[in-house]
Amino acid sequence: MKFFVDTADVDAIRELNDLGFVDGVTTNPSLIKKSGRDILEVTKEICDIVDGPVSAEVVALDYDAMVNEGRKLAKIADNVVIKLPLTLDGLKACKTLASEGHKINVTLCFSANQALLAAKAGATYISPFIGRLDDINLDGVDLIEDIRTIYDNYGYETEILAASIRTVNHITECAKIGADVITAPANVIKAMASHVLTDKGLAQFVKDAEEAGIKIV
Ligand code: G3P
């Protein structure tokens with residue numbers, strides 16, 4: 001399973017990348033706003049830090065403008081993935097930009113039918129938003145399962161990029177279902193390493209090592 005970090009915070013990306021857990025990065029207009037940075041400048045900086053795919057999202061809503069913005073974003077670096085919203089114009093732009101050889105992440109997916117259309121439009125990634133479905137009392141993880149079944153039924157190569165991940169349990173569920181990628185905030189990815197019994201066990205080992213005077217170097 002690939003881990004993308006969902007942020008435009010370069011310090012957080014650098015820290016997680018140094019830990020070896022960054023296969024890619026996803027951003028969106030809200031995350032760019034939070035960073036307080038210019039989109040072109042911060043995307044370039046992220047692409048210089050990370051070797052893997054870096055999603056940068058268009059802000060236009062109509063087909064022609066989306067295609068123009070997408071081409072501009074793609075010029076930033078070879079590892080830029082153009083992120084497009086799941087609208088009819090976005091799907092049309094997906095088909096055009098994918099046919100030019102660009103990698104596309106279709107975002108704001110909330111149904112299996114939307115995911116089916118994105119695959120037919122040639123998306124490299126589909127981003128179903130788990131947490132936002134949970135927010136309205138639907139089951140976001142069920143959607144990942146439905147998309148997995150549909151894509152496998154027809155051999156679609158579009159990768160399922162589970163997004164809007166809020167908890168470590170979301171990641172476990174996505175891994176069990178076979179999502180290709182998760183994108184999550186850095187703190188959620190780091191929290192995967194935590195377990196109360198690990199902390200308790202380590203405290204005991206440290207105590208015993210001190211008491212026994214164990215020295216290795
Ligand atoms: O990748 C999409 C993600 O940023 C949305 O997350 O927590 O705002 O629903 P959230």
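The following paragraphs lead the reader through a predicted model of a protein chain, from its overall build to individual residues.

Because this is a predicted model, local features need pLDDT of at least 70 and side-chain atom pairs count only at pLDDT 80 or more, whereas totals for chains, interfaces and linings use all residues. Residues are numbered from 1 along each chain as its sequence is written, and side-chain values use heavy atoms, with hydrogens and water left out.

The protein chain contains 11 helices and eight strands. Here helices (H or I, at least four residues) and strands (E, at least two) are DSSP runs, numbered from the N terminus. Taken along the principal axes, the C-alpha atoms fill a box of roughly 70 × 40 × 30 Å. Of the 217 residues of the chain, 46% count as buried; buried means under 20% relative accessible area, exposed over 50%, and partly exposed in between, with a 1.4 Å probe and protein chains only. The chain exposes about 11,500 Å², of which carbon and sulfur atoms supply 53%. Accessible areas come from the Shrake-Rupley method with a 1.4 Å probe, and for residues only the protein chains shown count as cover. Among contacts (heavy atoms within 4.5 Å) with a separation of 6 or more, residues 24 or more positions apart account for 56%.

The interior may be considered next. A nonpolar core is a set of buried Ala, Val, Leu, Ile, Met, Phe, Trp, Tyr and Cys residues joined through side-chain atoms within 4.5 Å. The largest such core has 64 residues, and Leu84, Val106, Ile126, Ile165 and Ile182 touch the most other members. A second, separate core of five residues includes Phe4, Val81, Leu161 and Val181. Leaving out residues up to four places away in sequence, isoleucine 182 touches Met1, Lys2, Phe3, Phe4, Leu161, Ala162, Ile165, Ile171, Cys174 and Ile189.

Helix α1, residues 10-19, has a buried side and an exposed side. Val10, Ala12, Ile13 and Leu16 are its buried residues. They cover an arc of only 155° around the axis, which puts them on the same side of α1; the arc is that of the directions from the helix axis to the C-beta atoms. Asp11 and Asp18, on the other side, are exposed. The partners against which the buried residues pack are β1 (2-6), β2 (24-26), α3 (39-49) and α10 (186-191). At the N-terminal end, aspartate 9 caps α1, with a side-chain oxygen 3.0 Å from the backbone nitrogen of aspartate 11. After α1 comes glycine 20, whose phi is positive, near 90°.

Strand β2, one of those packing partners, holds threonine 26. This threonine counts as buried because its relative accessibility is 1%. Its side chain makes polar contacts with two others: one of 2.7 Å with the side chain of aspartate 6, and one of 2.5 Å with that of threonine 183. A polar contact is a pair of N or O atoms within 3.5 Å; within protein, one must be able to donate a hydrogen and the other to accept it, and residues adjacent in sequence count only if both atoms are side-chain atoms. Not counting residues up to four places away in sequence, the residues that threonine 26 touches include Phe4, Val5, Leu31, Ser55, Lys83, Asn105 and Leu161.

Asparagine 79 sits in the loop between α4 (63-74) and β4 (80-85) and, at 14% relative accessibility, counts as buried. Its side chain reaches the backbone oxygen of valine 50 at 2.9 Å. Beyond its neighbours within four places in sequence, asparagine 79 is in contact with Cys47, Val50, Asp51, Gly52, Pro53 and Val54.

Two further residues have a positive phi without being glycine: asparagine 137, near 65°, and serine 164, about 55°. Asparagine 137 lies in the loop between α7 (130-135) and α8 (140-154), where its relative accessibility of 73% makes it exposed. Serine 164 lies in the loop between β7 (159-162) and α9 (168-177) and is buried, with a relative accessible area of 10%.

The number of buried residues in α11 is zero, so the helix lies largely in the open. Just after α11, glycine 213 takes a positive phi of about 65°.
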